[in-house]
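Take a walk through this fold, one region at a time. Keep the sequence and the model side by side as you read.

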Amino acid sequence: MKGEIFRYRNGVKQSIDGEQSIQLNIGIHEWRTHVEVTNNPLVSELTNSKIVLNKKNTTSVERYYQFEDIDLKTNQKIVSNIVINTLSGDARMFHRRWIMPSEWINSDQFTLVGNCRKIL
């Protein structure tokens, strides 16, 4: 997977500049609604077991996994998406965490694209 990763803590950027290349393991199971992402602590947010199959957006070719939550006490919003093309292996991953409406002092954001190899 390749993409930019942005992390801010107390308004200070914690991530490195430019596109990063990472490897991780993604497991999808034919009869399950969860996706399993392991082997890369750099994007640990994607290991969230609450990222589940969105049947409305899933097609016969692409599996769409999603998590979205708003903490009403802190007004923090988290959105995570993983889309995997089961024919080509193309994958897209997106994660964003921020205080609504647009506070980025303590936030995370990344978009990664890549290709998965099927392991049997």
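Start at Val 43. Setting aside neighbours within four places in sequence, Val 43 is in contact (heavy atoms within 4.5 Å) with Ile 5, Arg 7, Ile 22, Leu 24, Phe 110 and Leu 112. Val 43 lies in the loop between strand 5 and strand 6. Strands here are DSSP runs of E, at least two residues long, and helices are runs of H or I of at least four; both are numbered from the N terminus. Despite its place in a loop, Val 43 has a relative accessible area of 0%, so it counts as buried. The classes are buried for under 20% relative accessible area, exposed for over 50%, and partly exposed in between, using a 1.4 Å probe and protein chains only. Val 43 and His 95 are 52 residues apart in sequence, yet their C-alpha atoms are 8.9 Å apart in space.

A word on the basis of these values. This is a predicted model, in which local features need pLDDT of at least 70, side-chain atom pairs count only at pLDDT 80 or more, and totals for chains, interfaces and linings use all residues. Residues are numbered from 1 along each chain as its sequence is written, and side-chain values use heavy atoms, with hydrogens and water left out.

The loop that holds Val 43 also holds Asn 39. Phi of Asn 39 is near 80 degrees, a positive value in a residue other than glycine. Asn 39 is exposed, because its relative accessibility is 54%. Asn 75 is another non-glycine residue with positive phi, near 65 degrees. Asn 75 sits in the loop between strand 7 (62-71) and strand 8. With a relative accessible area of 32%, Asn 75 is partly exposed.

Now the strand pairing. Two strands pair if DSSP finds at least two bridges between them. Strand 1 (residues 2-9) and strand 10 (residues 103-115) run antiparallel, joined by seven bridges. Phe 6 has Gln 109 as its bridge partner in strand 10. Strand 10 also pairs with strand 9 (residues 90-99), again antiparallel, over nine bridges.

What joins strand 9 to strand 10? A hairpin does, through three residues. Pro 101 lies in the loop between these two strands. The peptide bond from Met 100 to Pro 101 is cis, with omega near 5 degrees.

Turn to the tryptophans. The structure holds one aromatic pair. The rings of Trp 98 and Trp 104 have centres 6.1 Å apart and planes at 15 degrees, so they are stacked. For such pairs, the rings of Phe, Tyr and Trp (its six-membered ring) must have centres within 6.5 Å; planes under 30 degrees apart count as stacked, over 60 as edge-to-face, and the rest as tilted. Trp 98 is buried, because its relative accessibility is 8%. Trp 104 is partly exposed, at 31%.

Next, strand 4 (25-28). Four bridges join strand 4 to strand 5 (residues 35-38), and the two run antiparallel. A hairpin of six residues connects them. Ile 26 stands opposite Val 37 in strand 5.

Strand 4 gives the most, with four residues. The pocket volume is about 710 Å³. On a 1 Å grid over the protein atoms alone, a pocket is an open set of points with protein on both sides within 12 Å along at least five of seven lines, and lining residues have an atom within 4 Å of a point. Points are joined across faces, edges and corners, and the volume is the space filled by probe spheres set on them.

Finish at Glu 19, in the loop between strand 2 (12-13) and strand 3 (20-21). Glu 19 is exposed, because its relative accessibility is 58%. Not counting residues up to four places away in sequence, Glu 19 touches Lys 2, Gly 3 and Glu 4.

Conventions: 1 Å grid on protein atoms, 1.4 Å probe; cavity = no way out; pocket = protein on both sides within 12 Å on 5 of 7 lines; lining within 4 Å.
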